[in-house]
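Please look over the sequence and the structure before reading on.

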Amino acid sequence: MRRIKGLLVVLLLLLGLGKAQQLVLAIPAEEGLLTPFTYVTGYPGYNLLSLVYDTLMIPDLNGVPQPWLAERVSSTNGGRDWTIRLKNAQWHDGQPITSADVQFSYEYYRRYPVVSRFATAVRSIGQIRTPDTRTVQISLPRPDANFELSTLADVPILPKHIWESVTDPKAHRNNIGSGPYRLVEIRPGQSYRFEANPNYFGGRVAPQSLVVVIIREAATTFQALQAGQIAASSRELLPELIPQFANNPSFRLLRGALFTSNLLQFNTTAAPFNQVAFRQVIAGLVDPKAIVDTVLLGQATVGSPGFLHPQSPLYNPEVGSYPRLSLAQAERRLDQLGFRRGPDGVRVGRDGQRLEFELLAPANNPLRLRAAELIARQVRPAGIVFQVRALEPNTLTDRVWPEFDVSKGRNYTLAMFGWSAPVMNQANLRGLFHSKPALGNLNIGGYANPTVDTLTERLVTTVDLAERKTLAARVQSLVARDLPFLTLWYPDATYAVRPSVFDGWKFQSGQGILNKFSFLP
Amino acid sequence: MLRRSLPHLLVLLLALAINFFLPRAMPGSPLPYIVGEEAGRLSPEERQRVLAEYGLERPLWEQFGLYLRRLLQGDLGRSLQDKQPVLQLILERLPWTLLLSGSALLLASGLGLLLGAFAARYRGGWLDRTGFAGAVLLDAMPSFWLGMLLIALFAVHWPILPVYGAYTAWANLQGLAWLLDVGRHLILPALTLTLSSLAGMFLVTRYAMLGTLHQDYIRTARAKGLPERQVIFKHALRNAALPVVTLFMLNLGSLVGGAVVVETVFSYPGLGRLLYEAASARDYPVLQGLLLFFTLSVVAFNLLAELLYPWLDPRTRYA
């Protein structure tokens, strides 16, 4: 009897271990050969890439860059000169990682600018020197406040001995990196399989084996999760599915803030949205809190008028929330601006312009689409008509941001738009608000304010955090007054995972659960 | 022979032009899929250089010329998105599409033929009435919804079948075990596809049979005292075959087109899903390659059907 019990225990242990050793995770699309030159999406593609490759620094769980492959990072000369001391680490094939690898990588990305997504991150670098095998010295012609986040903590280091002979980086299939996992198999259209790196400098990696499967449809993904055929997904739960998973004891929910933004974007070069006073009336009528409660079922943070997320290190709490207007107040202001009610109740300006506009919304994003409809209902009582028009996402982007070049103008009046997490992480306020297209490369509404131009230019070259906070606070106050767009909400992500299979997940602020820290002690 | 294939050749040439220009007529750019998040950070010069790398900055007619020249050399180009050769992408996914669509086509055709023949024979009976109502219902049901329903039933409520993929991604199965695994993964998508394409074959067979069952030679066959099964399958069905074969050939031609919706719902790694992904990403080379491949197979199967007709039905030889 005792022997049988003993056997049972061993069996259970084996089963338990078997479970913990392999994790099946779903992503929505293929990520090519998963090298720095072929991965496809920023999320989750880059996150998977970073399981195989390392960067000199890494944003910690709060998004603050910390040394990673580097033992320490220091800067002098007002942020122009950087010295990086490397850890004693090795590549997956056992070769040591040296300063020559770092120098080679940064120069290699520059050598192949048109096929590399990291070329823009290394273009601010002047000179790279390697005084010894573990020290790298980098000098920048101009100080760059985001150098740590956008270069040191973003650009994957390549093994020189593998890549130095590669002249067509797009076609190269070798995935030797230094990260916590080795990519051991790609099944096209189906899956990627990773095995833990036993010699990882960051600590013991778990689970031993990671299988990443591709499930295109969100609905299928959550069915597979429910059926136990995957243990986690890179997708966050849709708000309406949260109660269902919360009530199921097989799942654990992980919640946190995401740094993606959802905006009501104005074309500030088109009348009447070229008037701040008119935009202020719209802001007073639109109720982001109601959108969060109705459309997102409360699973989001209400947008700040200064754009930056309350969890961003540069957030200015003084901007508060958008000042609301009662219907009577809004009507009075519109009357003052010369917009009188026409026979059908829709207001008409002095020049005969009817306040009836097309509001573009992405057809593949039900949340933005529903929010657009709600906004249309919120402004309608004041005599303003927003006609919601659903467009295929790529088509919408082409109207709002033709050729991704703001100097090419814009072909819309109103649009539901948003930026991915890096814009928030790096507090790219110059990109968003500067009036010169070369600097304000994300200023898709054509907003112009000379004070904001000066402040954001200084922000980019200021390294001191306290000074940066002061500058960013002033920009946020000005933007909250001028309203080039309305920041409606930042999603709060909820992920459902099966803790019986793997329970090491860690939520990285603004980014989610798919990160290196989840797989390290 | 030449007279027969000439129109097909013209169709092919026209299709080549359409396949090239249509994807490019869509608004939107492949840039964010080539360089990702960096699209907005590129300077105008850098943007030009990226487009130049892929030949996208040249005038359209010049790009078309280059495309034709490369095509003649057998080069379909590389995916803009994941940078893999287009031909390789197509060949990797083709077997899965053939397996899924092929088994569904055979099932749907066989079942549709059988049910259609019997429904016509017992016109107005319970089989005819339920068959007809069922066919209309299945035809009206979106395959997306049907697939989801089957997943909810057979993978979640009764967890007996897999939800996604063509085989178990992490198991290194061999031989019979692998075949069984592939078969298990095939059941739900193939069933969805079969159910949603059953109606066409059922209705066509039914109508064609109704037309022949009243002919004099059927009465003669019955008068001769032939068994009913022989009357239906040997005399009636053979003469009703032409429209049925036409439909089958049409379906066969679109077989490689895959089942975009079903492959997407079940995350089946076939050509249909590839098409969907390439269209979303404005991946012109992949779109061109796929459309060319689809065109070729439709043209080829139509040609085959035309060659088969005289053999199937001697009347068409003299038409």
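**The sheet of chain A**

Strand S4 (residues 70-76) of chain A pairs with S5(A) in the antiparallel sense, over 6 bridges. Two strands count as paired if DSSP finds at least two bridges between them, and helices (H or I, at least four residues) and strands (E, at least two) are DSSP runs numbered from the N terminus. This is a predicted model, in which local features need pLDDT of at least 70, side-chain atom pairs count only at pLDDT 80 or more, and totals for chains, interfaces and linings use all residues. Residues are numbered from 1 along each chain as its sequence is written, chains are lettered from A and ligands numbered from 1 in the order in which they are written, and side-chain values use heavy atoms, with hydrogens and water left out.

- S4(A) and S5(A) belong to an open sheet of 4 strands in chain A, in the order S4-S5-S7-S6, with antiparallel pairing.
- The edges are S4 and strand S6 (127-132) of chain A, each of which pairs on one side only.
- On average, neighbouring strands of this sheet are turned by 20° against each other, direction ignored; axes are lines fitted to C-alpha atoms, for helices over the stretch in contact, and angles run from 0 to 180 degrees between N-to-C directions.
- In S5 (residues 81-86) of chain A, the covered face holds A:Trp82, A:Ile84 and A:Leu86, while A:Asp81, A:Thr83 and A:Arg85 are on the uncovered one.
- H3(A) lies across S5, S6 and S7 of chain A and runs at about 170° to S6(A).

**Aromatic pairs**

- Over all chains, 45 aromatic pairs are found in the whole structure; rings of Phe, Tyr and Trp (its six-membered ring) pair if their centres lie within 6.5 Å, with planes under 30 degrees apart counted as stacked, over 60 as edge-to-face and the rest as tilted.
- One of them is the edge-to-face pair of A:Phe37 and A:Tyr108, at 5.8 Å centre to centre and 80° between the planes.
- A:Phe37 is in the loop between strand S1 (22-27) and helix H2 (45-52) of chain A, and A:Tyr108 is in helix H3 (residues 99-111) of chain A, so the pair ties together parts 71 residues apart in sequence.
- A:Phe37 and A:Tyr108 are buried, where buried means under 20% relative accessible area, exposed over 50% and partly exposed in between (1.4 Å probe, protein chains only).
- The ring centres of A:Phe222 and A:Phe245 are 6.4 Å apart with the planes at 70°, so this pair is edge-to-face.
- A:Phe222 lies in helix H7 of chain A and A:Phe245 in helix H8 (residues 242-246) of chain A, so this pair ties together parts 23 residues apart in sequence.
- A:Phe222 and A:Phe245 are both buried.
- One aromatic cluster includes A:Phe37, A:Tyr108, A:Phe104 and A:Trp163.

**Helix contacts**

- Helix H7 (residues 218-226) of chain A and helix H7 (residues 143-157) of chain B have axes that come within 10 Å and cross at roughly 10°.
- H7(A) is therefore roughly parallel to H7(B); angles under 35 degrees count as roughly parallel, over 145 as roughly antiparallel, 65 to 115 as roughly perpendicular and the rest as oblique.
- A:Ala219, A:Thr220, A:Gln223 and A:Gln226 of H7(A) meet B:Met148, B:Ile151, B:Ala152 and B:Val156 of H7(B), contact meaning heavy atoms within 4.5 Å.
- This contact of H7(A) with H7(B) has 5 nonpolar, 3 polar and no charged residues; Ala, Val, Leu, Ile, Met, Phe, Trp, Tyr, Cys and Pro count as nonpolar, Asp, Glu, Lys and Arg as charged, and the others, Gly among them, as polar.

**Two residues of chain B**

- B:Val35, in helix H2 (residues 31-35) of chain B, counts as buried at 3% relative accessibility.
- Leaving aside neighbours within four places in sequence, B:Val35 is in contact with A:Arg117, B:Leu42 and B:Val50.
- B:Gln288, in helix H14 (residues 284-312) of chain B, counts as buried at 4% relative accessibility.
- Not counting residues up to four places away in sequence, B:Gln288 touches B:Asn19, B:Phe20, B:Arg24 and B:Tyr67.
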